[in-house]
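This report describes one protein chain for a reader who has not seen it before. Please look at the sequence and the model shown here, then read on.

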Amino acid sequence: MSTCRFGPKFLLVSGVFAMAALDSLSLFTGLGLSEQKARETLKNQTLSAQLREAATQAQQTLGSTIDKATGTLLYGLASRLRDTRRLSFLVSYIASKKIHTEPQLSAALEYVRSHPLDPIDTADFEQECGVGVTVTPEQIEEAVEAAINKHRPQLLVERYRFNMGLLMGEARAVLKWADGKMIKNEVDMQVLHLLGPKMEADLEKKPKVAKVRLEETDRRTAKYVIENGETADQTLSLMEQLRGEALKFHKPGENYKTPGYVMTPHTMNLLKQHLEITGGQVRTRFPPEPNGILHIGHAKAINFNFGYAKVSMYLGIWQARPEKEEAKFFTAICDMVAWLGYTPYRVTYASDYFDQLYAWAVELIRRGLAYVCHQRGEELKGHNPLPSPWRDRPMEESLLLFEAMRKGKFSEGEATLRMKLVMEDGKMDPVAYRVKYTPHHRTGDKWCIYPTYDYTHCLCDSIEHITHSLCTKEFQARRSSYFWLCNALDVYCPVQWEYGRLNLHYAVVSKRKILQLVATGAVRDWDDPRLFTLTALRRRGFPPEGINNFCARVGVTVAQTTMEPHLLEACVRDVLNDTAPRAMAVLESLRVIITNFPAAKSLDIQVPNFPADETKGFHQVPFAPIVFIERTDFKEEPEPGFKRLAWGQPVGLRHTGYVIELQRVVKGPSGCVESLEVTCRRADAGEKPKAFIHWVSQPLTCEVRLYERLFQHKNPEDPTEVPGGFLSDLNPASLRVVEAALVDCSVALAKPFNKFQFERLGYFSVDPDSHQGKLVFNRTVTLKEDPGKV
């Protein structure tokens with residue numbers, strides 16, 4: 001015999017809940033919702049509660065029975081209304097049939113969103129929402145007839161393949177408050193009268209028109225429409241970033257239209273002052289912490305911030321805490337922003353505002369919204385720490401203690417200033433100030449207390465009148481504190497927008513993990529070309545245009561994006577193909593002696609910098625009786641399909657106009673091939689060779705570094721994929737150094753970061769390790785994409 005695990009009280013409560021759900025289901029189906037839609041609505045507690053309230057209020061006017069048209073409007077109201085204070089006001093208009101169409105409801109929702117403060121001007125509201133406006137069937141008939149007459153020739157040709165939505169849209173534009181169904185019925189009737197019934201040809205599907213891909217030059221200047229309705233000529237970067245974007249940005253000064261934005265009695269005046277200061281410009285702020293080097297994800301953020309703001313982008317260095325290597329990282333941040341091609345409207349530092357931030361902290365305490373706490377750091381960790389026993393200490397006491405913190409009377413960790421709020425992730429009372437006895441890079445020993453990110457970010461944005469504070473998704477849990485703090489101090493409150501991070505496979509970008517890689521000797525430093533920091537990518541030879549184009553192609557989405565490295569490399573190739581002049585180099589050389597060289601001394605060969613476009617000029621290389629070729633371009637016993645130099649198989653030497661043919665193989669004591677003796681002839685003097693190979697003569701000796709992926713697995717940080725941790729996943733073949741490579745003398749004057757395409761080998765960049773006696777080249781990317789190569 002089984003026994004019930006629950007008591008009578010539980011069963012009673014469960015029954016009450018079940019009855020309430022059943023009543024709500026009946027109520028919702030009574031509004032015209034299908035049973036399935038009603039059940040789905042019940043799963044959303046916020047929506048179901050608002051719809052239940054709207055229906056209950058409407059029943060007070062209409063009685064227990066609500067017609068389907070009104071029910072549809074009530075559902076639209078409940079699902080789209082953000083300011084619940086306006087629910088009763090709008091329900092009264094729907095129940096009284098003053099608002100009876102979808103266009104009217106949309107206008108009403110827009111009106112209350114644009115006028116958040118009480119009282120609402122009902123006369124203005126009714127005018128904006130078409131209350132009392134009557135559209136007669138005759139007016140609809142005339143509007144539809146005018147639209148059909150306008151498109152009559154095209155209608156007669158395309159018949160029922162014509163886009164009928166165009167006719168309805170033009171009629172709706174004339175009759176803003178007309179019922180959409182009535183317009184559609186009138187369009188259907190008049191089209192039928194004009195064209196007659198559908199014929200067999202009308203039932204065939206309209207052939208799809210292939211989309212024409214815009215040429216790159218056209219795409220760079222194409223027009224796009226920002227979702228707030230403004231049209232502007234923009235670069236490829238911004239156009240691509242905003243394509244398909246789910247973020248519907250507010251216009252400057254209309255912060256209150258953003259879902260979740262918190263209004264106070266001061267909000268509208270503060271926004272008015274904000275517009276007077278900014279002139280309606282979009283202002284963004286890229287706020288990196290100067291405690292690490294920027295990486296590929298920051299490149300996306302830089303492109304997004306600069307692209308959206310156009311000219312008013314603040315490089316706001318979040319320099320609120322002292323860091324040991326702060327100066328080094330700060331310099332690197334500024335260098336990388338400039339390297340990507342951007343000049344900020346203004347460079348600011350959180351430390352510029354330390355005095356104001358401190359004064360605001362004092363004001364928070366005075367308002368009873370902050371207190372000095374003595375809980376230790378380990379007690380504050382996690383999302384459910386114990387409440388502070390000092391949360392309700394007297395305001396006067398916290399003021400004295402905070403002043404004592406500023407004067408250095410507490411040791412590090414002994415006291416903090418905490419704000420009285422609960423964040424979205426459940427964290428209670430985040431810390432605003434900590435004690436830290438470390439000199440600051442810019443303020444020296446003036447301060448021994450420093451503000452935290454949660455306290456500083458929103459207030460610096462407020463001071464600088466940022467319109468759109470763009471940050472990655474992990475900061476979403478801090479949005480509540482962002483709004484709370486600005487409103488608690490009655491200062492201008494910007495809007496924080498979150499977007500998905502950009503990550504790459506086969507990479508780590510965490511500062512802590514890169515430091516581990518450096519400490520273990522896996523990489524040399526932050527700019528090791530195998531990393532995906534921006535300094536590393538620059539050293540490897542990635543052009544900034546390639547990185548910017550990659551960020552543009554990735555776009556901006558709410559979801560996190562993880563891309564394959566070869567997609568970034570493809571963007572790099574596109575740029576280098578047009579910008580890196582050609583040269584010839586040999587990595588593993590084999591000496592070749594031309595026994596019948598056609599001149600008494602070396603010849604000067606003109607080589608085009610860009611073979612596909614000789615208008616970009618030429619460079620000169622010597623061609624002498626002794627040349628060097630790649631060892632892999634010769635085989636004594638070639639396998640089937642080998643087309644390069646072999647017995648009885650001549651090859652051409654690129655750019656010379658000569659073909660060489662093997663005569664003798666010279667081997668050393670160990671049997672290894674040391675050199676070849678060949679004869680030459682003009683390329684047009686006989687059968688065309690199967691292949692042309694690159695070569696060098698009278699070359700320079702250089703060092704070449706060949707890079708592959710640093711990690712062997714896509715997700716080196718994933719313990720399920722790499723149980724031993726990312727340090728166990730290092731690719732032993734990630735770097736191969738060729739210390740005695742040969743390159744033609746045309747690159748002799750190359751400077752660090754100059755880029756070349758070594759024919760048949762790949763794209764290479766001059767490394768800063770180069771010195772007067774020897775050039776060092778990094779392979780940037782191979783000539784062809786190889787997604788599977790590790």
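## Ser398 and its surroundings

Not counting residues up to four places away in sequence, Ser398 touches Ile365, Ala370, Tyr371, Val372 and Arg393; contact means heavy atoms within 4.5 Å. Ser398 is found in helix H19, residues 395–406. Helices (H or I, at least four residues) and strands (E, at least two) are DSSP runs, numbered from the N terminus. With a relative accessible area of 1%, Ser398 is buried. Buried means under 20% relative accessible area, exposed over 50%, and partly exposed in between, with a 1.4 Å probe and protein chains only.

## Basis of the model

This is a predicted model, in which local features need pLDDT of at least 70 and side-chain atom pairs count only at pLDDT 80 or more, while totals for chains, interfaces and linings use all residues. Residues are numbered from 1 along each chain as its sequence is written, and side-chain values use heavy atoms, with hydrogens and water left out.

## The chain as a whole

The secondary structure of the chain comes to 25 helices and 28 strands. Of its 790 residues, 49% count as buried. Among contacts between residues at least 6 apart in sequence, 68% join residues at least 24 apart.

## Nonpolar cores

A nonpolar core is a set of buried Ala, Val, Leu, Ile, Met, Phe, Trp, Tyr and Cys residues joined through side-chain atoms within 4.5 Å. The largest one has 86 residues, of which Ile296, Phe402, Tyr433, Tyr455 and Ile547 touch the most other members. Helix H17 (residues 354–366) supplies the largest share of this core, 8 residues.

Leaving aside neighbours within four places in sequence, Ile547 is in contact with Ile296, Ala299, Trp339, Leu340, Leu537, Phe542 and Leu568. A second, separate core has 54 residues, including Tyr93, Ile99, Ile148 and Tyr160.

## Arg159

Arg159 is placed in the loop between helix H9 (152–158) and helix H10 (164–174). Is this residue buried or exposed? Arg159 is buried, its relative accessible area being 16%.

Its side chain makes polar contacts, that is, pairs of N or O atoms within 3.5 Å; within protein, one atom must be able to donate a hydrogen and the other to accept it, and residues adjacent in sequence count only if both atoms are side-chain atoms. The side chain of Arg159 reaches the backbone oxygen of Leu195 at 3.3 Å. A polar atom of that side chain also lies 3.5 Å from the backbone oxygen of Pro197. Not counting residues up to four places away in sequence, Arg159 touches Gln154, Met164, Leu195, Gly196, Pro197, Met199 and Asp202.

## Salt bridges

Side chains of opposite charge can pair when their charged atoms come close. A salt bridge is a side-chain nitrogen of Lys or Arg within 4 Å of a carboxyl oxygen of Asp or Glu, and the structure holds 43 of them. One links Arg85 with Asp83, the closest N and O atoms being 2.7 Å apart. Arg85 counts as partly exposed, at 48% relative accessibility.

Asp633 forms a salt bridge with Arg644, with the closest N and O atoms 2.9 Å apart. Both residues lie in the loop between strand E19 (626–630) and strand E20 (651–653), so the pair ties together parts that are 11 residues apart in sequence. Asp633 is buried at 1% relative accessibility, and Arg644 is partly exposed at 27%. In the salt bridge between Arg654 and Glu759, the closest N and O atoms are 2.5 Å apart. This pair links distant parts of the chain, 105 residues apart: Arg654 is in the loop between E20 and strand E21 (658–667), and Glu759 is in the loop between strand E26 (755–758) and strand E27 (762–766). Arg654 counts as partly exposed at 26% relative accessibility, and Glu759 as buried at 3%. A network of salt bridges links Arg524, Asp527, Arg539, Glu703, Arg705, Asp767 and Asp769.

## A sheet of seven strands

An open sheet of 7 strands runs in the order E14-E26-E27-E28-E24-E25-E15, with mixed pairing; two strands pair if DSSP finds at least two bridges between them. Strands E14 (582–583) and E15 (585–586) stand at the edges with a single partner strand each, so one side of each is left without a neighbour in the sheet. E27 and strand E28 (residues 776–781) pair in the antiparallel sense over 4 bridges.
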